[in-house]
Amino acid sequence: MSGVHESQQDVDIDLGGLFGAIWRNRMRVLLATVACAGVAFVGANLITPKYKSESRLLIETREPAFTTGSDRAQGREQPAFDELGIASQVQLLKSADLIKQVARNMKLHELEEFDAAAKPSAISDVLVLLGVKKNPLELPPEERVLKEFNEKLTVYQVEKSRVIAIEFTSKDPTLAAAIPNEMAKVYLSLQSGAKLDTNSEATRWLEPEIANLREKVREAEQKVAEYRSQSDLLPTGENSTFAVRQLNDISTELTRVRGERATAEARAEGVRAVLKNGGAPDTLSEVVGSQMIQRLKESEAQIQGQISDLSTSLLEGHPRLKGLRSQLVGIRAQIKSETQKILSSLENEAKTARLRETQLAQQLNTVKADTARAGEDEVGLKALEREATAQRQLLETYLARYREATSRTDSNSTPADARVISAAVEPTEVDFPKVIPITIVGGVAGFALSAIVILLSELFSGRALKPVGGVAAPSTRRREEEEGIEAEPAVAVAVVEPVVRKVPVNRIDPGAVKDIHAPAKSLLSGIETDEDEEEGESPHSSLVDAFEEESDFSVAAVARHMIDNNISVAISVSPSGDSGSTATVMLARRIAEEHRKTLIIDLTGSGCPTRLMAQSTHVPGITDLLVGDAAFSEIIHGDRLSDAHIIPRGNANIKRAMRGIDRLSMVIDSLSDAYDTVIVECGPAEVEGVRRLTRGQETDIILSIPDADEDAIVDLIGAFGEAGYTEIVLMTGEDGEPPRYPGHRAAA
């Protein structure tokens, strides 16, 4: 940059030079990208996974089937929920009472995930003592659970619908699905319970009201009956009294009698007119209808026929003809006499009808007076009847409501105004963290940061600047010439790896390892060139030769060795950490496959065996037993993939648990009586800790070294030898090959 100022030339940024600098430093960029991606990957895997599950409710008005038709017929159909109604239901689902009910039903206060403050750490206790942090135990357990529950709960209305979604996040996938379903169940129960409470309250209120109304109706009806009796307004039908009914009957009878009178007078007048005019009586219907006249007419016809027959053979003065004509005159006289009788009968009938009409008219006038008086009295009667009718209708309404409310006191008869349309299921995928996206973001961030650093270094150094004319800056070119910058030669790395053959398992004497330990250290410290490597022996040759002289160190071979020698208790030490602990888990499963009761005790700090074998890392284990928080029956769990059993690390405070480490040997002795093989996985433990665990007794030691460093192995074996352990079983992994140790590097 100084050169640029000295030349006083206009400069520009050389984009090609910038990208060329990134290309020249591509290995650094690649390493930074891989490192950041690795850190992101490891960090994402270290984060406790969280699972999310969702349950959905449809909010709608629901009524029992037996009341739907009647409600619609009476126009009482309830409206659907609006936006405010749905929002109110969302707040109800987030209410503290509902959440506390769910917590009580599922006993969430017993889970560490929801009440982590119940077991505070030592740092938290110190902060509380110093007054920096408020003591969380001052809050009731329900309040602590409620706070944690609200942080994991999400309730929202699905857009443009009457559907409410209940989301819950938890470390346990089973719990993540069970809590939304339990919330929906409690919500529906509360909704149904609210309706039951309403019906129960209605029933309690209606019972005394109905009793009171019954008494009022009885009194009103009694007043009506007494008033009718006093006023002589006896009912004879609908909207009618005795006086009105009597008046109607008399009027009807009078009309009928008047009609009969007129008919009788007309018939008598017709007969009288025929007789007066000398007409034939047989033309009248009253005469023809008489049986006597009909018989006389028949006799007349017979005599008339005989006269006609005899007139052809006898003279007019013949006595027989005279006699027949005399009989004919007599019959006709009788017919006339009968006709007079009929006329008299009709006149009498008309006279009787007139008399009846007169009587009915007089009676009608009397009833009219009584009806007028009854009409005045009926005004008061109708007032009493209206009061009695109103009280009766109110009583009938209350009785109907009471019967309806009583029929809905059962929980099944009052469905909630919601139903589950999608129950939560146990999630199979982790909601957070997403390892692959986080790893990709980490890699991209590493690439971007490394590229930015390179670009900034190029800009500030002036190497990315050029004159406007396109020629490199003289100062830059002169500096390169003066400094004589040359490309660094590539460095080749040669890795010396031993080749080992597999032989049957055997034990290694730590004393022999001590013999190879010193030469190895001296050789490793003196190797710097290829000539030295050619002149001297490889720093790992002694250890490799020791492995070659020994035999197979695989998991299968160690398992066979323990079964053949009936080893009941073995202490496994894994200098390499989780990889060695994984090999120990594989050893326990191999032994369990041979139908031996096998138990592995997890004493590692990382809890690797617990993660590989137990259903959850939060189950009680050995630390809970040592502090007295759990019993034997609670800490032994089955392996997920074999018949072996495991005692997990546990959830108790490790410092408190280690105070009872002396009791652990007694625990192991008791377990060895119940199991054929007990393996204690200690992880990368120190010799002193193992010695304290075994109390100085002779115990089989397994050194699990899939990928451990040679120096660490040699030091550890030497330390076990100095501690008095004469025999150690090496286990290198599943494939049976000893660990591959890095050789030295030489410049090419």
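Helix α6 (residues 96–106) packs against α9 at an angle of about 125°, and their axes sit 10 Å apart. That makes α6 oblique to α9, where oblique is what remains once angles under 35 degrees (roughly parallel), over 145 (roughly antiparallel) and 65 to 115 (roughly perpendicular) are taken out. Bear in mind that this is a predicted model: local features need pLDDT of at least 70, side-chain atom pairs count only at pLDDT 80 or more, and totals for chains, interfaces and linings use all residues. Residues are numbered from 1 along each chain as its sequence is written, and side-chain values use heavy atoms, with hydrogens and water left out.

**The chain overall**
- The protein chain comes to 27 helices and 15 strands; these are DSSP runs numbered from the N terminus, with helices (H or I) of at least four residues and strands (E) of at least two.
- Take the contacts (heavy atoms within 4.5 Å) between residues at least 6 apart in sequence: 81% of them join residues at least 24 apart.

**Helix pairs**
- The crossing of α6 and α9 is right-handed, meaning that the near helix is turned clockwise from the far one by less than a right angle, with anticlockwise counting as left-handed.
- On the α6 side, the contact uses Leu98, Gln101, Val102, Asn105 and Met106; α9 brings residues including Leu175, Ile179, Met183 and Tyr187.
- Helix α19 (residues 555–564) and helix α20 (residues 578–593) pack at about 50° with axes 9 Å apart, the axes being lines fitted to C-alpha atoms over the stretch in contact, and angles running from 0 to 180 degrees between N-to-C directions.
- That angle makes α19 oblique to α20, and the crossing of α19 and α20 is right-handed.
- Val555, Ala556, Val558, Ala559, Met562 and Ile563 of α19 meet Ala583, Met586, Leu587, Arg590 and Ile591 of α20.

**The four-strand sheet**
- Here the order is β3-β4-β2-β7, an open sheet with antiparallel pairing (strands pair if DSSP finds at least two bridges between them).
- β3 (153–157) and β7 (418–422) are at the edges with a single partner strand each, so one side of each has no neighbour in the sheet.
- From one strand to the next, the twist averages 25°.
- Strand β2 (residues 51–59) is joined to β7 by 4 bridges, and Leu57 has Val420 of β7 as its bridge partner.
- Helix α9 (residues 173–231) lies across β2, β3, β4 (163–170) and β7, at about 20° to β2.

**Strand β10**
- In β10 (residues 598–602), 5 of the 5 residues are buried, so this strand is largely enclosed by the rest of the structure.
- Thr598, Ile600 and Asp602 point one way, while Leu599 and Ile601 point the other way.
- β10 pairs in the parallel sense with β13 (residues 677–681) over 5 bridges, and Ile600 stands opposite Ile679.
- β10 also pairs in the parallel sense with β12 (residues 645–647), over 3 bridges; Ile601 has Ile647 as its bridge partner there.

Note on methods:
Buried means under 20% relative accessible area, exposed over 50%, partly exposed in between (1.4 Å probe, protein chains only).
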